[in-house]
Amino acid sequence: MSQAPDAIGTDLAAVTMGIDRFERTAATGGSLLDGEGLVPIYLGDDLVTAKVYAGWLEIFADLDKLGARAATSPDDARGVFLREMVSSLKAAARLFSGAEMTYAEKVRNLVGAEAAPVPDAEIDAHADRLSAGLARAGFVRGSLRERVEAWEEERAIAPDKIEAEFRELMTAARARTAAMIFDPGDYDMALNPLRNIPFTARCGFAERRMDLNVDIAFTRAALKHLVCHEVFPGHATQLLYTLAEVEAGRSEADALLCTANAVTGCVQEGIGDQGVELIDWIEDDDDDIHLSLRSLKSAVQTTAAWRLMDGGEPAETVADYLRETGCGQEAWVRGRLNMASHPFRGPFIASYYAGNESVRRVRERVAAPDRAAFNAYLFAQVHSPRSLEMFDMSVAA
């Protein structure tokens, strides 16, 4: 991936973090991000100083300057990313400053995903793969939802066993990540069980804890996925990897924006959702079943958000769709509705399916001898889905 010759990466990071800081302070009590910020986790305070802004006009002026510089970048992956990132930041700044955008505009310009629901044919294909996996495991009676419920009930981890299972999975995931992608050193996370929260799990990087919604019943395969998504080799690993590469001078400073609520989000979530596959950790039929179930739920939640926010369907009708077609537990259904209806976070529901599919497509075409180069391309820089899929081994080498 070629690097821009005029330190645009440093300026991009400084402007983005300036927007983050200004939005957090200017929107006290009325933040579109509820205090989370444009960049929820940033490790670059000692490397890139955030610009200080007093108003939105200054911000848009700097974004226009960055856009003009990005427009002259080559039509390679780096140039594509820079142009799409600046466009995404402009969309975020418009929303923060009070502008209105349609749901489609948010998905396309802010998130960088395709501005359309997942086609029914794709959803049906995920459901067929899930059905076949359940049949191989002996779950053949009832509707697909009933068979998923039976599988989840039979495989559920007892509440008093979750901590021990989590620790075992963390140990194995760390070892596989260190051997195949990046050594996280002594970094670790504790399990933080929570109830009545609108998400399934969350990476508490600074606190070194993984929040887990224990209103949801988890199979070992589901908990394994969350460990990989949030910690090793997912969000926490990406943060540690990008910091090390920027500090070593091998990556541009904008790699520090890997958690930004922008076009970078698709690939961030794609890394998380592909985490088990990235460290070759499919062990049994249950892992295969959960992989199919997760893909189905990701596709269904994307379409559900479109039905709710673009199609105007009633929330309870959409909830039924999430339950029946997405085979989702009630706490998950309510959490997805909560996210979908959020004016800023809502369109990012599309980032999970779009990001997973982008990372998967590239991973599946990379030959085994080229995996190290692909991992560096994937983890050491930030990407939009389009720039990620421009991975070219001949250039990477």
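Axes are lines fitted to C-alpha atoms, for helices over the stretch in contact, and angles run from 0 to 180 degrees between N-to-C directions. On that basis, helix α3 (residues 77–96) and helix α4 (residues 103–111) pack at about 130°, with their axes 7 Å apart. α3 is therefore oblique to α4, given that angles under 35 degrees count as roughly parallel, over 145 as roughly antiparallel, 65 to 115 as roughly perpendicular and the rest as oblique. The model is predicted: local features need pLDDT of at least 70, side-chain atom pairs count only at pLDDT 80 or more, and totals for chains, interfaces and linings use all residues. Residues are numbered from 1 along each chain as its sequence is written, and side-chain values use heavy atoms, with hydrogens and water left out. Helices (H or I, at least four residues) and strands (E, at least two) are DSSP runs, numbered from the N terminus.

- On the α3 side, the contact with α4 is made by Ser-87, Ser-88, Ala-91, Ala-92 and Leu-95, and on the α4 side by Lys-106, Asn-109 and Leu-110; contact means heavy atoms within 4.5 Å.
- The residues of this α3 and α4 contact divide into four nonpolar, three polar and one charged, where Ala, Val, Leu, Ile, Met, Phe, Trp, Tyr, Cys and Pro count as nonpolar, Asp, Glu, Lys and Arg as charged, and the others, Gly among them, as polar.
- Helix α10 (residues 264–273) packs with α15 at an angle of about 70°, the axes being 7 Å apart; α10 is therefore roughly perpendicular to α15.
- The α10 and α15 crossing is right-handed; a crossing is left-handed if the near helix is turned anticlockwise from the far one by less than a right angle, and right-handed if clockwise.
- Gly-265, Cys-266, Val-267, Glu-269, Gly-270, Ile-271 and Asp-273 of α10 meet Ser-351, Tyr-352, Ala-354, Gly-355, Asn-356 and Val-359 of α15, and the residues of this contact comprise six nonpolar, five polar and two charged.
- Between helix α12 (residues 285–309) and helix α13 (residues 315–324) the packing angle is about 165° and the axes are 10 Å apart, so the two are roughly antiparallel to each other.
- α12 passes α13 in a right-handed crossing.
- In that contact, Val-300, Gln-301, Thr-303, Ala-304, Arg-307 and Leu-308 of α12 meet Ala-315, Val-318, Tyr-321 and Leu-322 of α13; by class there are seven nonpolar, two polar and one charged.

**Cavities**

- On a 1 Å grid over the protein atoms alone, a cavity is a set of points where a 1.4 Å probe fits but cannot get out, and a pocket is an open set with protein on both sides within 12 Å along at least five of seven lines; lining residues have an atom within 4 Å of a point.
- Two cavities of 30 Å³ or more are counted by this rule, with grid points joined across faces, edges and corners, and a volume being the space filled by probe spheres set on the points.
- The largest cavity holds about 80 Å³ of space, and its lining has four nonpolar, two polar and five charged residues.
- α8 (220–230), α11 (275–278) and α12 each supply at least two residues of the largest cavity's lining, and α12 gives the most, with four residues.
- Residues lining the largest cavity include Lys-224, His-225, Asp-273, Glu-277, Asp-287, His-290 and Arg-294.
- The second largest cavity holds about 40 Å³ and is lined by Gln-301, Ala-304, Ala-305, Leu-308, Val-318, Leu-322, Arg-336, Leu-337, Ala-340 and Ile-349.
- α12 provides the largest share of the second largest cavity's lining, four residues, and this lining divides into eight nonpolar, one polar and one charged.

**Second largest pocket**

- About 330 Å³ of space lies in the second largest pocket; of its 17 lining residues, the closest to its centre are Glu-114, Tyr-353, Ala-354, Glu-357 and Arg-361.
- Helix α15 (residues 349–365) gives the most to this pocket's lining, with six residues, and the lining comprises nine nonpolar, three polar and five charged residues.

**Backbone features**

- Phe-232 and Pro-233 are joined by a cis peptide bond with omega of about 10°; Pro-233 is in the loop between α8 and α9 (235–247).
- Asp-280, a residue other than glycine, has a positive phi near 50° and is found in the loop between α11 and α12.
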